[in-house]
Amino acid sequence: MAAGTVDGSILQSTPEAPYGVTLDRAAVLRAFDQVWRDRGVVLVEGSDLARADAYRKFVTADQRERQRNAALRSTDRLIGRILERVDLRRDLVVITGAYQPSYAKNLGVFALHGPGVRADLLETSTTRRAGYVALQDIAPTILDRVGVEPPTTMEGRPAESTRVGGE
């Protein structure tokens with residue numbers, strides 16, 4: 001069953017923030033709690049980071065750094081609060097940044113945490129490089145982790161843990 005919140009009710013007025021708004025962490029967590037179910041999938045976005053990046057051309061270098069750092073801290077706290085709500089012995093958490101920041105062209109973030117996931121770097125047959133996963137490998141990786149066979153028409157291959165660089 002599809003459900004969720006995709007509207008302005010998860011934003012709050014924050015005059016010093018890019019475009020004057022930030023995610024309202026409490027509202028995001030309430031929305032998460034309303035839809036989180038066993039064997040469910042919940043997407044939580046971190047738009048404060050995207051807003052900080054998009055707004056960077058309108059502020060000084062010092063303001064840009066303060067706004068980016070505030071967005072990173074806020075997003076980190078939001079992820080931490082979400083992780084408190086899931087059981088990492090049973091639930092898979094995927095963190096990815098489909099948004100490509102202007103300051104880091106070609107690189108984003110993709111991380112997994114949950115059952116059977118080691119604290120290692122990921123590698124795919126697409127990239128053949130520890131620590132690098134191509135965009136087309138994200139969906140096959142998630143499907144593989146939840147035991148769903150990817151359609152034959154899907155590009156990409158599941159990422160695997162590699163001991164290179166891991167803890």
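A: This is a predicted model, and the structure holds 7 salt bridges.

Q: Which residue does Asp120 meet in a salt bridge?
A: Arg118, with N to O at 2.5 Å.

Q: Is Asp120 buried or exposed?
A: Asp120 counts as buried because its relative accessibility is 14%, and the cut-off is under 20%. Arg118 is partly exposed at 38%.

Q: And what does Asp91 pair with in a salt bridge?
A: Arg90, the closest N and O atoms being 2.9 Å apart. Asp91 is buried, with a relative accessible area of 5%, whereas Arg90 is partly exposed at 47%.

Q: What about Asp53, which residue is in a salt bridge with that one?
A: Arg56, at 3.6 Å from N to O. Asp53 has a relative accessible area of 7% and is buried; Arg56 is partly exposed at 25%.

Q: Switching to strands. How do strand 3 and strand 4 run?
A: Antiparallel, joined by 4 bridges. Strand 3 covers residues 93-96, and its Val93 stands opposite His113 in strand 4.

Q: Which side chains of strand 4 are buried?
A: Phe110 and Leu112, which point to one face.

Q: Last one: where is Ser125?
A: In the loop between strand 5 (121-123) and helix 4 (138-145). Ser125 is partly exposed, at 43% relative accessible area.

Q: How far is Ser125 from Asp137 in space?
A: 9.0 Å, C-alpha to C-alpha, with the two 12 residues apart in sequence.

Notes:
Residues are numbered from 1 along each chain as its sequence is written. This is a predicted model: local features need pLDDT of at least 70, side-chain atom pairs count only at pLDDT 80 or more; totals for chains, interfaces and linings use all residues. Side-chain values use heavy atoms; hydrogens and water are left out. Helices (H or I, at least four residues) and strands (E, at least two) are DSSP runs, numbered from the N terminus. Buried means under 20% relative accessible area, exposed over 50%, partly exposed in between (1.4 Å probe, protein chains only). Two strands pair if DSSP finds at least two bridges between them. A salt bridge is a side-chain nitrogen of Lys or Arg within 4 Å of a carboxyl oxygen of Asp or Glu.
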